[in-house]
Amino acid sequence: INAVFLTWWGKDHFTAKSIPVILDEAKKAGVKVGFQIEPYGNRSPLTVKADVKYLIDTYGKHPAFYYSEQKKPLFFVYDSYLSKAAEWSDVLSPAGSSTIRKTLYDADFMGLWVNDNEHQFFKDSGFDGFYTYFVSKVFRYGSNPNNWAKMQEWAIQNNKIFIPCVGPGYIDERIRPENSANTQSRDNGTYYDDYWKKAISVKSPYVAITSFNEWHEGTQIEPAKPLSITGFTYLDYSPLANDYYITRTRYWTDRFLKK
């Protein structure tokens, strides 16, 4: 992979303390670091603009800070639908009253595509593109890779960036017992392979992986070994190797980059 994206809950959130360490370690590894802006309390397009300004001012000169080939940062905005398209347009459209365009803080902004009728939102809001995040095939329109070809076609027609998100499976029943309908078995690695095949076939310029270490939703690809605690046994990758999903990620990223 060439970049990792960290969840951003604001500069005063305890997780922000890790950013300098991660940037320094990413530099050693030759990996870049970007951010997904989360739906913290009272988030709005204007507070997102302030977040972007802070992140670029604070970390933008670090050699591991992510810039695209066009020398622009990229920000994912999770649950972007929580604000209206017109409010986003004030910040993300060139003619917006609080526009960030053609300033030092201009960037590529990716909104979250969830349902099958998001087209007008992304036309009106000023987002540069969209991503799918979720990796349960049955959860939403955007998370179903059978819909990605249409989404990529629309993105090209409307000068947007489409970033499909792949993952190894999904299980969040420990924190959401009512959500078992969205559980997706890893199927000994086949589920991950199928997602990657679809992502590569649509010829998007990017692929994102959900996720490296989100254990509570069962989407992690980091090494896993058998572990039991009182009242709970964590899933591992048996009969596959503990680091199977890391090595398999290398297999698929090689093929994506050679496509």
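This is a predicted model: local features need pLDDT of at least 70, side-chain atom pairs count only at pLDDT 80 or more; totals for chains, interfaces and linings use all residues.
Residues are numbered from 1 along each chain as its sequence is written, and side-chain values use heavy atoms, with hydrogens and water left out.

Lys72 pairs with Asp108 in a salt bridge, with 3.4 Å between the closest N and O atoms. A salt bridge here is a side-chain nitrogen of Lys or Arg within 4 Å of a carboxyl oxygen of Asp or Glu. Asp108 lies in strand S4 (residues 108-112) and Lys72 in the loop between helix H2 (45-59) and strand S3 (74-77), so the pair ties together parts that are 36 residues apart in sequence. Helices (H or I, at least four residues) and strands (E, at least two) are DSSP runs, numbered from the N terminus. Asp108 is buried, at 8% relative accessibility.

## Other salt bridges

The count of salt bridges comes to 11. One of them joins Arg176 to Asp172, at 2.7 Å from N to O. Arg176 is partly exposed, with a relative accessible area of 30%, whereas Asp172 is buried, at 1%.

Arg101, Asp106 and Asp128 are linked in a network of salt bridges.

## Asp193 and its contacts

Asp193 forms a salt bridge with Arg248, the closest N and O atoms lying 2.9 Å apart. This pair links distant parts of the chain, with Asp193 in helix H6 (residues 190-201) and Arg248 in helix H7 (residues 244-257), 55 residues apart.

Both residues of the pair, Arg248 and Asp193, are buried; for Asp193 the relative accessibility is 11%. Apart from neighbours within four places in sequence, Asp193 is in contact (heavy atoms within 4.5 Å) with Tyr244, Arg248 and Trp252.

## The second largest pocket

The second largest pocket holds about 490 Å³ of space. A pocket is an open set of points, on a 1 Å grid over the protein atoms alone, where a 1.4 Å probe fits, with protein on both sides within 12 Å along at least five of seven lines; lining residues have an atom within 4 Å of a point. A volume is the space filled by probe spheres set on the points, which are joined across faces, edges and corners.

The lining of this pocket has 25 residues, and Ile171, Trp215, Gly218, Gln220 and Leu235 lie nearest its centre. By class, the lining has 10 nonpolar, 10 polar and 5 charged residues. Ala, Val, Leu, Ile, Met, Phe, Trp, Tyr, Cys and Pro count as nonpolar, Asp, Glu, Lys and Arg as charged, and the others, Gly among them, as polar.

Technical notes. Buried means under 20% relative accessible area, exposed over 50%, partly exposed in between (1.4 Å probe, protein chains only).
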